[in-house]
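Hi everyone, thanks for making time today.

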Amino acid sequence: MAQHSPHHSRERVREIGGMFSRLVPHYDRMNRLMTAGRDGAWRQIAVSMSSPCDALVLDLGSGTGDLSAEFRRQGAREVAALDVSAAMLRRAKAKYGPDRTDYLVGDAHRLPFPDESFDVVASAFVLRNLPDLAAALHEMARVLRPNGRLVALDITHPPDTVWGNMLRLGFEQGVTRVAGLVSGDRSAYRYLPNSLDGYPTADELARMIEHAGLSGVSYRRLSMGAVALHVGRKC
Ligand SMILES: C[S@@+](CC[C@H](N)C(=O)[O-])C[C@H]1O[C@@H](n2cnc3c(N)ncnc32)[C@H](O)[C@@H]1O
């Protein structure tokens with residue numbers, strides 16, 4: 001994976017945050033369209049694998065708040081919803097209100113929390129957007145309590161099969177173009193297929209999570225390989 005200087009990374013984080021802010025009015029509709037309506041079910045599975053009951057949760061890159069809402073629905077005590085885009089957070093708050101949730105602007109590479117603050121650290125469709133993924137994974141591990149759970153859901157490189165190649169083609173050529181047209185922001189949705197360039201494979205990501213200090217790391221592919229759900233535990 002490409003290495004970036006801290007300055008370059010901060011610039012890149014700002015650019016990516018700006019791009020997501022411009023997408024806010026279309027984001028939920030695009031999500032449904034690009035995942036063929038599966039994203040809600042993926043979030044449900046991700047949350048259920050984290051033992052969310054009564055947990056203090058960090059939802060990293062919380063966007064318009066759907067993952068935080070699923071955590072509350074499945075019994076989390078409190079959710080810190082952190083995102084680099086204030087516009088995303090405003091949208092989340094307008095959708096779901098302040099119940100059991102703190103909304104915070106922040107960067108995944110420099111989390112504004114003391115060590116061992118959370119029972120669960122979760123992200124959905126975020127890791128792919130981080131210029132220094134290894135640093136962000138170390139931050140995620142740092143703020144987890146002993147026995148805390150990390151859950152990371154994201155699009156992944158499709159398997160090297162005929163079906164995988166069809167998925168890749170659909171992602172690169174079809175969905176992203178349609179989404180760009182609907183949102184009116186072609187550049188943003190051209191970014192999406194490229195966001196897998198240099199992103200680790202599901203196996204590689206599992207090793208990176210282990211390297212960040214988590215144990216028992218495993219992953220499962222969802223929706224015939226388009227998405228990977230990684231889980232790990234801090235001992
Ligand atoms: C594809 S959206 C996912 C939103 C939400 N998690 C969901 O499930 O729909 C990615 C989110 O990550 C946020 N993001 C990107 N880079 C970030 C960073 N470095 N730190 C915190 N949030 C970031 C974006 O602003 C955006 O809201």
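Let me begin with a contact between two side chains: Arg128 and Asp154 are joined by a polar contact of 2.6 Å. A polar contact here is a pair of N or O atoms within 3.5 Å, where within protein one must be able to donate a hydrogen and the other to accept it, and residues adjacent in sequence count only if both atoms are side-chain atoms. Before I go on, please keep in mind that this is a predicted model, in which local features need pLDDT of at least 70 and side-chain atom pairs count only at pLDDT 80 or more, while totals for chains, interfaces and linings use all residues. Residues are numbered from 1 along each chain as its sequence is written, and side-chain values use heavy atoms, with hydrogens and water left out.

Back to Arg128. You'll find Arg128 in the loop between strand 4 and helix 5; helices (H or I, at least four residues) and strands (E, at least two) are DSSP runs, numbered from the N terminus. Is Arg128 buried or exposed? With a relative accessibility of 8%, Arg128 counts as buried. For that term, buried means under 20% relative accessible area, exposed means over 50%, and partly exposed is in between, with a 1.4 Å probe and protein chains only.

Rings of Phe, Tyr and Trp (its six-membered ring) pair if their centres lie within 6.5 Å; planes under 30 degrees apart are stacked, over 60 edge-to-face, and the rest tilted. How many aromatic pairs does this rule give? The count is two. In one of them, the ring centres of Trp42 and Phe125 are 6.1 Å apart and the planes stand at 50°, so this pair is tilted. Trp42 sits in helix 2 (residues 39–48), whereas Phe125 is in the loop between strand 4 (118–124) and helix 5 (133–142), so the pair ties together parts 83 residues apart in sequence. Both partners are covered: Trp42 is buried at 6% relative accessibility, and Phe125 is buried at 9%.

Then we have Phe113 and Phe118, an edge-to-face pair with 4.9 Å from centre to centre and 90° between the planes. Phe113 is buried with a relative accessible area of 14%, and Phe118 is buried at 7%.

Which residues are the closest to the ligand? Of the 20 residues that surround the ligand, the closest are Tyr27, Gly61, Asp83, Asp107 and Ala124; a residue is taken as near if one of its heavy atoms lies within 4 Å. By class, this shell has ten nonpolar, seven polar and three charged residues. In that scheme Ala, Val, Leu, Ile, Met, Phe, Trp, Tyr, Cys and Pro are nonpolar, Asp, Glu, Lys and Arg are charged, and the others, Gly among them, are polar. Helix 1 (residues 6–34) gives the most to the shell, with four residues.

Here are some distances for your notes. A polar side-chain atom of Arg43 is 2.9 Å from an oxygen atom of the ligand. Gly61 has a polar backbone atom 2.7 Å from a nitrogen atom of the ligand, and for Ala124, a backbone N or O atom lies 2.9 Å from a ligand nitrogen atom. The ligand taken alone exposes 590 Å², and the protein buries 98% of that; the areas come from the Shrake-Rupley method with a 1.4 Å probe, and for residues only the protein chains shown count as cover.

Two helices next. Helix 3 (residues 66–73) is mostly covered, with seven of its eight residues buried; among them are Leu67, Ala69 and Phe71. Just after helix 3, Gly75 has a positive phi of about 100°.

In helix 8 (residues 202–211), the buried residues are Ala202, Leu205, Ala206 and Ile209. They cover an arc of only 105° around the axis, which puts them on the same side of helix 8; the arc is that of the directions from the helix axis to the C-beta atoms. The face of helix 8 turned away from that buried side carries the exposed residues Arg207 and His211.

Last stop, backbone angles. Asp54, in the loop between helix 2 and strand 1 (56–60), has a positive phi of about 65° although it is not a glycine. Asp54 is partly exposed, with a relative accessible area of 45%.
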